[in-house]
Amino acid sequence: MEVVIVPDAQAGGELIAEAMAALLRRKPHALLGVATGSTPLPVYEALTTKVRSGAVDASRARICQLDEYVGLPADHPESYRSVVLREVVEPLGLSEASFMGPDGTAGDVQAACDDYDSALAAAGGVDLQLLGIGTDGHIGFNEPCSSLASRTRIKTLTEQTRVDNARFFGGDIDQVPHHVITQGIGTILDARHLVLLATGAGKAEAVAASVEGPVSALVPASALQLHPHATVVVDEAAASELKLADYFRATYAAKPAWQGL
Ligand code: GLP
């Protein structure tokens with residue numbers, strides 16, 4: 001995997017937005033997998049700026065969700081459907097028709113998960129999947145000990161993740177659902193390019209375990225080591241526990257510009 005150390009979150013956002021723009025120039029109908037949480041927001045802001053300035057045409061782009069809470073009404077402001085519509089689909093000027101996600105309100109949750117995996121495949125697969133990382137190393141909502149071969153399915157959140165996400169629910173952990181639907185690790189690995197963004201010292205330990213530790217279900221993001229095209233973009237704080245930081249810096253500094261991310 002490639003590790004790119006950037007000065008701050010804004011620089012990370014710009015770098016990844018440019019990679020998405022380059023993809024859309026090559027493949028205007030690309031399927032972009034997006035993540036929720038605070039970390040990816042600079043990516044969406046930078047990509048929106050590029051679209052509004054005419055630097056890239058995203059009008060044929062398609063957007064898909066990584067995960068979803070189970071049981072929140074679809075129009076709840078913190079359902080991931082609402083979050084992605086608000087932060088990605090609408091700013092990019094896309095319609096709901098270009099957007100797909102799992103149905104967190106379905107009576108038959110497993111059928112909804114299977115339907116979503118089928119829909120992703122029928123759409124030609126994800127071209128670029130943006131990922132954040134949980135403080136416990138989760139990607140999507142694949143909590144520690146998720147099967148590295150897992151497909152989209154229901155998961156139970158750890159207490160730590162519910163504590164971390166309570167800030168989106170007015171600080172009230174009781175409002176954070178216990179159950180979620182998430183693309184499985186195997187589903188995520190099907191994307192053609194994985195781009196994980198991590199910023200802040202709170203992610204440093206999880207980043208080091210994922211990049212430099214063994215591939216292990218205990219650290220779900222370590223599964224990126226199995227992917228032929230995985231890029232990890234970290235700010236200095238999130239890179240602070242990496243033993244090979246100097247090597248990663250030197251490698252990226254010497255990288256031919258034509259290679260892109
Ligand atoms: C949630 C999402 C993940 C995200 C994580 C980290 O758990 N399901 O996709 O990566 O939060 O969020 P943040 O970027 O806000 O730290």
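**Close-up views of a predicted model**

**View A. Helix 1 passes helix 2 in a right-handed crossing.** Right-handed means that the near helix is turned clockwise from the far one by less than a right angle.

The model is predicted: local features need pLDDT of at least 70, side-chain atom pairs count only at pLDDT 80 or more, and totals for chains, interfaces and linings use all residues. Residues are numbered from 1 along each chain as its sequence is written, and side-chain values use heavy atoms, without hydrogens and water.

**View B. Asn142 sits in the loop between strand 6 (128–131) and strand 7 (153–156).** Its relative accessible area is 0%, so Asn142 is buried (under 20%; exposed is over 50%, partly exposed in between; 1.4 Å probe, protein chains only). A polar atom of the Asn142 side chain lies 2.8 Å from the backbone oxygen of Gln183. Asn142 also touches other residues, including Ser150, Arg153, Ile188 and Pro220.

**View C. His178 lies in the loop between helix 5 (159–165) and strand 8 (179–182).** His178 is partly exposed, at 43% relative accessibility. Beyond four places in sequence, His178 is in contact with Lys155, Thr156, Leu157 and Arg162.

How values were computed: Helices (H or I, at least four residues) and strands (E, at least two) are DSSP runs, numbered from the N terminus. A polar contact is a pair of N or O atoms within 3.5 Å; within protein, one must be able to donate a hydrogen and the other to accept it, and residues adjacent in sequence count only if both atoms are side-chain atoms. Contact means heavy atoms within 4.5 Å.
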